[in-house]
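Subject: Structure for you to look at, with notes

Dear colleague,

Please find the structure below, followed by my notes on what was found in it. I have kept the criteria beside the findings, so that you can check each of them as you read.

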Amino acid sequence: MKKLFGFSINLAAFVAITSMLVGCEPSDFREGVVMAGGKYVPAHTLNKGKQIYQEYCMACHGVNGDGNGVAAKGLEVPPRNFTLGIIKFGDVISGELPHDEAIYKTLEHGLNGTAMLPWDLKKDQMEAVWQYIKTFAPDTWIGKDKQLGKQFDSSTFKDPYTVARRKQAIETGRKVYHVEAACQACHMGYVSLGEFDQMSRELTGDGVEELDETFFQLKTQVSEHGYGVRPPDFTYHKLRSVRGNNVEDIYLRLLAGVGGTTMPAWSETIEEDYKIWALAYYVQSLMEYRKSPKKRAEFFSNLKK
Ligand code: HEC
Ligand code: HEC
């Protein structure tokens, strides 16, 4: 009886040790963590997330989450380096910590024009993998003292124009774009010298005699991601966080900006909400040239006459 008892203890120890060696790797999570915003994530969720990450994401984002995976070489837009803890397309003022829903939207739709494709993951899989990714940047994400930013919630958006007044929105947006916000400081201009002069006089009282030589060029920007980022030409490039040509998605991006880049959160600078909507409609109207290279070429040649 005694001997048998001794044996059963040894057996239990044996099972425990082999399952440690075979079943789990030494770096598996044994305890849950509290993430920014006070969310408790149990160890089994993190372990499940790690598995999903290794299967689907590691090839680009790297074993350690630093963006240097085997498939990352030669990509025009590098995979995100998660160890920096910076997200580009959040649902908060850029620089603040985004809510999980913003990331799930990115996982569901991908980031257009980059190697980050849409993923057909279930909600609990998205949840697990994103919580695991947070552990690559513990200083940013782990700890109950850390706050998420104030969320821009699209269910509360109130479009003052809607399709009925689209033309007026575009006309206003065009002026805000070129004169008030000077988006062409990084992006490019989409009006002729004559039009620019006229709208400047109307809005500021001062005219313009000549255009900057870079007026029709994109200006590559430094970023906190470790590489230079190119602002899009709306008549040509796909917008990463915009589904189709969805005006609300453009509006959200203008409110929030792009984290770790020079693209500002315009809700911090432009007080009147209708102007941000107007800008969104204007950007959307420029995106229509993507459909026809011929119309796009004509549009630019007319501007430069
Ligand atoms: C084929 C390469 C590739 C794979 C595989 C991949 N990604 Fe990405 N991912 C990218 C690239 C490239 C970017 C950066 C796009 C940009 O900067 O606009 C990115 C960006 C991201 C971002 C940052 C979004 C933001 O707003 O900053 C997250 C989160 C992300 N990926 C999660 C994942 C997850 C989760 C998986 C696995 C399910 C995955 N990725 C698989 C290439 C990849
Ligand atoms: C100081 C530089 C700067 C200014 C000024 C600026 N942007 Fe940007 N913008 C950028 C950069 C850089 C990106 C690309 C970020 C990236 O994808 O990595 C960008 C991206 C965007 C995007 C694409 C988002 C996506 O999902 O891909 C939109 C839309 C946009 N800007 C609109 C505007 C508008 C409208 C204005 C003026 C109201 C403006 N920007 C002014 C730098 C700027």
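A polar side-chain atom of Ser241 lies 2.6 Å from an oxygen atom of ligand 2, which is a polar contact in the sense used here (a pair of N or O atoms within 3.5 Å; within protein, one must be able to donate a hydrogen and the other to accept it, and residues adjacent in sequence count only if both atoms are side-chain atoms). Please keep in mind that this is a predicted model, in which local features need pLDDT of at least 70 and side-chain atom pairs count only at pLDDT 80 or more, while totals for chains, interfaces and linings use all residues. Residues are numbered from 1 along each chain as its sequence is written, chains are lettered from A and ligands numbered from 1 in the order in which they are written, and side-chain values use heavy atoms, with hydrogens and water left out.

Ligand 2

Two further contacts involve oxygen atoms of ligand 2: an N or O atom in the side chain of Lys88 is 2.9 Å from one such atom, and a polar backbone atom of Arg240 is 2.8 Å from an oxygen of the ligand. The shell around ligand 2 has 25 residues, of which Cys183, Cys186, His187, Ser241 and Met263 come nearest; a residue is counted as near if one of its heavy atoms lies within 4 Å. By class, this shell divides into 16 nonpolar, 5 polar and 4 charged residues, where Ala, Val, Leu, Ile, Met, Phe, Trp, Tyr, Cys and Pro count as nonpolar, Asp, Glu, Lys and Arg as charged, and the others, Gly among them, as polar. Helices α8 and α9 each supply at least two residues of the shell around ligand 2; helices (H or I, at least four residues) and strands (E, at least two) are DSSP runs, numbered from the N terminus.

The space taken by ligand 2 is the largest pocket. A pocket here is an open set of points, on a 1 Å grid over the protein atoms alone, where a 1.4 Å probe fits and with protein on both sides within 12 Å along at least five of seven lines, and a molecule sits in a pocket if more than half of its atoms lie within 2 Å of its grid points.

Ligand 1

Ligand 1 takes the space of the second largest pocket, and the elements that give two or more residues to its shell are α2 (43-61), α3 (100-109) and α4 (123-134). The largest share, 4 residues, comes from α2. In total 23 residues surround ligand 1, with Cys57, Cys60, His61, Lys88 and Met116 the closest, and the shell is made up of 18 nonpolar, 2 polar and 3 charged residues. An N or O atom in the side chain of His61 is 2.8 Å from a nitrogen atom of ligand 1, whereas the side chains of Arg80 and Arg240 each place a polar atom by an oxygen atom of the ligand, at 2.9 Å for Arg80 and at 3.0 Å for Arg240.

The 15 residues of helix α9 (273-287) should span 21 Å at 1.5 Å a residue, and its end C-alpha atoms are 22 Å apart, which agrees; the expected span is 1.5 Å times one less than the number of residues. Of these 15 residues, 13 are buried, buried meaning under 20% relative accessible area, exposed over 50%, and partly exposed in between (1.4 Å probe, protein chains only).

In the loop between α8 (247-256) and α9 is Thr261, which is buried because its relative accessible area is 19%. A polar atom of the Thr261 side chain lies 2.9 Å from the backbone oxygen of Val258, and the side chain of Thr261 also reaches the backbone nitrogen of Met263 at 3.1 Å.

Backbone points to check

Thr162, in the loop between α5 (138-141) and α6 (166-180), has a positive phi of about 55 degrees although it is not a glycine, and at 39% relative accessibility Thr162 counts as partly exposed. Ala182, in the loop between α6 and α7 (193-204), has a positive phi near 50 degrees, and its relative accessibility of 30% makes it partly exposed.

With best wishes

Conventions
On a 1 Å grid over the protein atoms alone, a cavity is a set of points where a 1.4 Å probe fits but cannot get out, and a pocket is an open set with protein on both sides within 12 Å along at least five of seven lines; lining residues have an atom within 4 Å of a point.
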